[in-house]
Amino acid sequence: MQMYASFFRRLIASIIDLFIIILFLAFIQFISGTIGGAFFYILVVLLSWNYFAYQESSASQGTIGKQAMNIIVTDLKGNRISYERATKRFVGKILASIPFFAGFLPILFNEERQGLHDKYAKTLVLLREG
């Protein structure tokens with residue numbers, strides 16, 4: 001039987017992922033000079049989207065942060081998700097962040113530990129077996 005990932009484990013994974021994205025952005029800024037304005041925000045969204053969607057739909061079923069915390073993203077039946085579903089989950093994360101990350105609070109209270117983005121994309125975050 002699969003165990004759902006806790007809020008704390010997911011939070012630590014998110015912090016690791018945020019740190020990696022910041023490092024990527026700092027590196028891009030270093031090699032290209034100062035990046036600012038609308039281009040910077042577009043770059044943040046595109047980089048973040050591809051970082052999450054590619055890794056969550058890959059064979060590892062999770063980002064570097066999720067792998068470090070030994071958790072995976074699956075569909076409701078425990079199967080690997082598609083890139084499209086991972087993209088839907090990413091968009092759901094943006095919406096769940098408004099206002100004040102309130103869309104993540106349901107993780108604390110529902111049995112399946114799903115945030116609004118998980119409900120929207122029909123995904124689960126589980127502890128990796130073995």
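Reader: Which residue stands opposite V125 in strand 2?

Author: That is V73. Do keep in mind that this is a predicted model.

Reader: What makes strand 1 and strand 2 a pair?

Author: Two strands count as paired if at least two bridges are found between them. Strand 1 (residues 71-75) and strand 2 (residues 123-127) have 5 bridges, in the antiparallel sense, so they pair.

Reader: Why is strand 1 called mostly covered?

Author: Buried means under 20% relative accessible area, and 5 of the 5 residues in strand 1 are buried. Both faces are covered: I71, V73 and D75 lie on one side, with I72 and T74 on the other.

Reader: How do you know that T74 is buried?

Author: The relative accessibility of T74 is 0%, and the cut-off is under 20%, so T74 counts as buried. Leaving aside neighbours within four places in sequence, T74 is in contact with Q61, N79, I81, K122, T123, L124 and L126.

Reader: How far is T74 from I64, 10 residues apart along the chain?

Author: Their C-alpha atoms are separated by 16 Å.

Reader: Back to V73 and V125. What makes the largest nonpolar core a core, and which residues are in it?

Author: A core is a set of buried nonpolar residues joined through side-chain atoms within 4.5 Å. Here the set is A5, A13, A53, M69, I71, V73, I81, A86 and V125, 9 residues in all. A second, separate core has 8 residues, including I20, I21, I35 and F52.

Reader: What is V125 in contact with, beyond its neighbours within four places in sequence?

Author: The contacts of V125 are Y4, A5, R10, I71, I72, V73, R89 and D118.

Reader: Let's turn to open space. How much of it lies in the largest pocket, and which residues are closest to its centre?

Author: The space comes to about 810 Å³. Of the 29 residues in the lining, S14, K93, S97, F101 and F104 are the closest to the centre.

Reader: Which helices supply at least two residues of that lining?

Author: They are helix 1 (7-32), helix 2 (37-56) and helix 4 (83-96). Helix 1 gives the largest share, 11 residues.

Reader: How many residues of the pocket lining are nonpolar, polar and charged?

Author: The lining divides into 20 nonpolar, 4 polar and 5 charged residues.

Reader: Now some backbone details. What kind of peptide bond runs from I98 to P99, cis or trans?

Author: The bond from I98 to P99 is cis, with omega near -15°. P99 sits in the loop between helix 4 and helix 5 (106-109).

Reader: Why is R113 called partly exposed?

Author: Partly exposed covers what falls between the buried cut-off, under 20%, and the exposed one, over 50%. R113 has a relative accessible area of 31%, so R113 is partly exposed. R113 is found in the loop between helix 5 and helix 6 (116-121), and has a positive phi of about 55° although it is not a glycine.

Reader: What makes K122 partly exposed?

Author: The relative accessibility of K122 is 47%; exposed would need over 50% and buried under 20%, so K122 counts as partly exposed. K122 also has a positive phi, about 60°, although it is not a glycine. Its place is in the loop between helix 6 and strand 2.

Notes
Residues numbered from 1 in each chain as written. Predicted model: local features only at pLDDT ≥ 70, side-chain atom pairs only at ≥ 80, totals over all residues. Heavy atoms only, no water. Buried < 20%, exposed > 50% of the residue type's maximum accessible area, 1.4 Å probe, protein only. Contact = heavy atoms within 4.5 Å. 1 Å grid on protein atoms, 1.4 Å probe; cavity = no way out; pocket = protein on both sides within 12 Å on 5 of 7 lines; lining within 4 Å. Points joined across faces, edges and corners; volume = space filled by probe spheres on them. Helix = DSSP H or I, 4+ residues; strand = E, 2+ residues; numbered from the N terminus. Nonpolar A, V, L, I, M, F, W, Y, C, P; charged D, E, K, R; others polar.
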